[in-house]
Amino acid sequence: MSVVKMETAESVSNGGGPVYEEKEETLKPEDLSEMLAAGTKEVHEKAENTQFVKDFLKGRIRKELFKLGAVALYYTYTAMEEEIERNKDHPHFAPLYFPAELHRHEALARDVKYFYGPEWQSQISCSKATQRYVDRIHQVGQEDPVLLVAHAYTRYMGDLSGGQLLKKVAQRALKLPPTGEGLEFYHFDSVHSAKAFKQLYRSRMNELELDMGTKKRLVDEAVKAFQFNMEVFEELEEIGKTIQEDVLDAGMPVHGAMGGDISKCPYYAAKMAASGGRAYACQLAMALLRHPTGQVLCATWFAALAGLAAWYLM
């Protein structure tokens, strides 16, 4: 068991939004949030180590692939939020219904419009890998709504954990406007504290009245959600092999021969995994000093490390 500070939300009567009040809560291995974290650890690590994700988080981004990634997210979130709306009163999902705080499909529509122009809807299509993901979301929403909890948890908690880091990397690499066009997906205007909101969300999950069999099915479904996302990443990697090289570097050169990579997760808190010991650290420090944007990226990586620590300590 572990003891963490949890946040509870209470609505204020003047319409000012939720306020958060800390309390200590003892987490048990059989709590849904703990089971999901443990049960998806292996597939989570696989997802964060796909080449597409590693390249993205090193700032090496192909604009065309970034656009296609936004399209995939648009279809995914549209499907998920359609099913959430369908099941918003379901007793196993209603406590997790936060449309103002979490829903992303409208923001993604604006992002896709920014990249493809006013006729964007006639210029995009759902890829095969994304369609399989979308089909599964619709299936569980219509046949077994409790499993929506796994899909919502996997997507929304990850967006809140690493989203700001990803936004900064993409904005710099793609030279996007500082006003946020093309990156509205990463803006959670109604979430004033990502940490507090994630704690509230996990607390709500742990309060759902679910038997152990259902919790295990939710873990299995969360693993499937990660696998669907990996299939989308792999599909983008394959597409990348067929399009013209247009990599836009956020600032750091890629040193493929180094003993370690900066690897941060797109779902949970962004994390830094460095291997290669002291020699690697020296190489990285020299690269940072040589490159004019090194200080900015260094600060970003420290923020990522802090995010990782916060994720596991919550």
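Ring pairs join Phe56, Phe66, Tyr114 and Phe115 into a cluster, where rings of Phe, Tyr and Trp (its six-membered ring) are taken to pair if their centres lie within 6.5 Å, with planes under 30 degrees apart counted as stacked, over 60 as edge-to-face and the rest as tilted. The model is a predicted one, in which local features need pLDDT of at least 70 and side-chain atom pairs count only at pLDDT 80 or more, while totals for chains, interfaces and linings use all residues. Residues are numbered from 1 along each chain as its sequence is written, and side-chain values use heavy atoms, with hydrogens and water left out.

By the ring rule, the count comes to 13 aromatic pairs. One of them is formed by phenylalanine 52 and phenylalanine 233, a stacked pair at 5.7 Å centre to centre with 20° between the planes. Phenylalanine 52 lies in helix α3 (residues 51–57) and phenylalanine 233 in helix α10 (residues 212–240), so that the pair ties together parts that are 181 residues apart in sequence; helices here are DSSP runs (H or I, at least four residues), as are strands (E, at least two), numbered from the N terminus. Phenylalanine 52 is buried, with a relative accessible area of 15%, and phenylalanine 233 is likewise buried, at 11%, where buried means under 20% relative accessible area, exposed over 50% and partly exposed in between (1.4 Å probe, protein chains only). When residues up to four places away in sequence are not counted, phenylalanine 52 touches Leu65, Phe233, Leu236 and Glu237, contact meaning heavy atoms within 4.5 Å. Phenylalanine 52 and glutamate 238 are 186 residues apart in sequence, and their C-alpha atoms are 9.8 Å apart in space.

A further pair consists of tyrosine 77 and tyrosine 156, whose ring centres are 5.9 Å apart and whose planes stand at 55°, so the pair is tilted. This pair links distant parts of the chain, with tyrosine 77 in helix α4 (residues 63–86) and tyrosine 156 in helix α8 (residues 148–174), 79 residues apart. Both tyrosine 77 and tyrosine 156 are buried.

Aromatic rings also take part in arrangements with charged side chains, a charge being said to sit over a ring if NZ of Lys or CZ of Arg is within 6 Å of the ring centre and within 35 degrees of the ring normal. Lysine 67 lies over the face of tyrosine 116, at 4.7 Å from the ring centre, and arginine 104 lies over the face of phenylalanine 188, at 3.9 Å from the ring centre.

Side chains of opposite charge can pair when their charged atoms come close. With a salt bridge defined as a side-chain nitrogen of Lys or Arg within 4 Å of a carboxyl oxygen of Asp or Glu, the count comes to eleven salt bridges. Among them, glutamate 42 is bridged to lysine 46, the closest N and O atoms being 3.8 Å apart. Because glutamate 42 and lysine 46 are four residues apart in helix α2 (residues 41–48), they are separated by about one helical turn; glutamate 42 is exposed, with a relative accessible area of 55%. Glutamate 231 and arginine 132 meet through their side chains in another salt bridge, at 3.3 Å from N to O. That pair links distant parts of the chain, glutamate 231 in helix α10 and arginine 132 in helix α7 (residues 128–143), 99 residues apart. Glutamate 231 is partly exposed, with a relative accessible area of 29%, and arginine 132 also counts as partly exposed, at 42% relative accessibility. Glutamate 238 forms a salt bridge with lysine 241, in which the closest N and O atoms are 2.9 Å apart; glutamate 238 counts as partly exposed at 45% relative accessibility, whereas lysine 241 is exposed, with a relative accessible area of 64%.

Lysine 175, in the loop between α8 and α9 (194–207), has a phi near 55°, a positive value in a residue other than glycine. Lysine 175 is exposed, with a relative accessible area of 68%.

Of the 314 residues of the chain, 51% count as buried, and residues 24 or more positions apart account for 77% of the contacts in the chain with a separation of 6 or more.
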